[in-house]
Amino acid sequence: MKAPLLVMAAGGTGGHMFPAQALAEAMLHRGWRVRLSTDSRGARYTGGFPHSTEISEVQSASPARGGTVAKLLAAPKIATGIASAVWGMWRDRPSVVVGFGGYPSIPALAAAEFLRLPRMIHEQNGRLGRVNLRFAPRVACVACGVWPAELPAGANGVETGNPVRKAVLERAQAAYIPPGDYPMSLLVIGGSQGARILSDVVPDAVAALPGHLRGHLRVAHQARAEDGERVTAAYAAHGIQAEVKPFFKDIARRISEAQLVIARAGASTIADLTVIGRPAILIPYAAAAGDHQTANARVLVEAGAATLIPESRLDAEVLAGQIGLILGNPDAAVQMSHAAWGAAIPDATQRLVALVLELSERGAKP
Ligand SMILES: CC(=O)N[C@H]1[C@@H](OP(=O)(O)OP(=O)(O)OC[C@H]2O[C@@H](n3ccc(=O)[nH]c3=O)[C@H](O)[C@@H]2O)O[C@H](CO)[C@@H](O)[C@@H]1O
């Protein structure tokens, strides 16, 4: 008998792609076949997917972005994508279709609806993205990364948390070495695409730390490719040892080895920090829809695992003060690390798997 097929569709940021990767890893492990569709942006994050994942690219089309021509071209592109997805699903009859948000998930979800296949979505944030909002009442369930989520009428929400990748789970609750008089790791991450504001402020903040802290610091800083040189130069000018890269592929190891993480507050970043359990200073992206990154960050702040600096208040002096408070106080740092564990949902992937299996068994028509 042929293995059951899971079709997943995800938009072009790490934020949509990494939870999909976690589900792919788990379902392949259970003997399912897994097919993923994303756009050319999402394709940048497929390197970590298990090799047996069948990956296809759909043309990205956002009716909400770009100039008039791009907007006019969006509808035919989406229609072509849906037609091709209908053909593929009619031929292969997937057992379940899961959308992870973003415009590239439209063709798969629309085709699954047309063919009345069992389907669901996963929303990483407490506030639904545009595509998920549209499909939420028309799928069997909305798996929610953050609870309670704001759901439209008729949607069936289930709390799952945000699944983290296998490499992160392997370091769940990794022993935390508190800050002290030895080389300490400071990790700076701006989400899947890097964050310019962190490149502008963090090197000066590190330089402003008292000598006994600064002298022990080793910095790993994720900066956008175009900012890499100047960030490297800024650390070098202050005599600070720093490794600057546009993307760290071994992020699980780096988080687990860090005494402190400075980060944006995207959903998977928060999930990774809690599952591994590390103290953090969070600077939410203020322009995120509905300010959802501030909501994400507050969960950790209220748990005692992180401090939050709004973008509007971020400067080198304020940040240096916060770094000093955590790295200069090992007991507080250990408590923050434990508090982060306490806020984790380490079985988020299993919860998502359970929903997929239930849906498959029901063969449900929502
Ligand atoms: C600017 C923006 O709109 N961001 C959104 C986007 O975030 P974004 O795409 O930045 O995604 P997340 O913060 O959710 O996830 C980033 C992931 O990349 C990993 N990582 C990061 C840096 C690195 O060098 N290597 C690496 O592996 C992190 O550990 C994390 O697992 O999608 C998220 C989920 O919908 C939202 O919550 C965010 O608000």
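Predicted model: local features only at pLDDT ≥ 70, side-chain atom pairs only at ≥ 80, totals over all residues.
A residue counts as buried when its relative accessible area is under 20%.

**A covered helix**

Start with helix H3, residues 106-114. Seven of its nine residues are buried, so by this cut-off H3 is mostly covered. The buried residues are Ile106, Pro107, Ala108, Leu109, Ala110, Ala111 and Ala112. After H3 comes Arg116, and its phi is positive, near 55 degrees.

**A buried serine**

Now move to helix H6, residues 196-207, which holds Ser199. Is Ser199 buried or exposed? Its relative accessibility is 4%, so Ser199 counts as buried. What surrounds Ser199, leaving aside its neighbours within four places in sequence? Ser199 is in contact with His221, Ala223, Asp227, Arg230 and Val231. With His221 there is also a polar contact, side chain to side chain, at 3.5 Å.

**The ligand and its shell**

Next, the ligand. There are 23 residues around the ligand. Those that come nearest are Asn125, Ser192, Phe248, Asp272 and His292. By type, the shell divides into seven nonpolar, 14 polar and two charged residues.

The table lists the distances.

| Side chain | Distance from its N or O atom to a ligand oxygen atom |
|---|---|
| Arg165 | 3.2 Å |
| His292 | 2.6 Å |
| Gln293 | 2.7 Å |

How much of the ligand does the protein bury? Taken alone, the ligand exposes 770 Å², and the protein buries 90% of that area.

Which elements give two or more residues to the shell around the ligand? They are helix H1 (14-29), helix H10 (267-276) and helix H11 (292-303). H10 gives the most, with four residues.

**In brief**

Helix H3 is mostly covered. Ser199 in helix H6 is buried, at 4% relative accessibility. Among the side chains with an N or O atom by a ligand oxygen is His292, at 2.6 Å.

Technical notes: Residues numbered from 1 in each chain as written. Heavy atoms only, no water. Near = heavy atom within 4 Å. Polar contact = N/O pair within 3.5 Å; in protein donor to acceptor, adjacent residues only side chain to side chain. Areas by Shrake-Rupley, 256 points an atom, 1.4 Å probe, with all protein chains shown as cover. Nonpolar A, V, L, I, M, F, W, Y, C, P; charged D, E, K, R; others polar. Buried < 20%, exposed > 50% of the residue type's maximum accessible area, 1.4 Å probe, protein only. Contact = heavy atoms within 4.5 Å.
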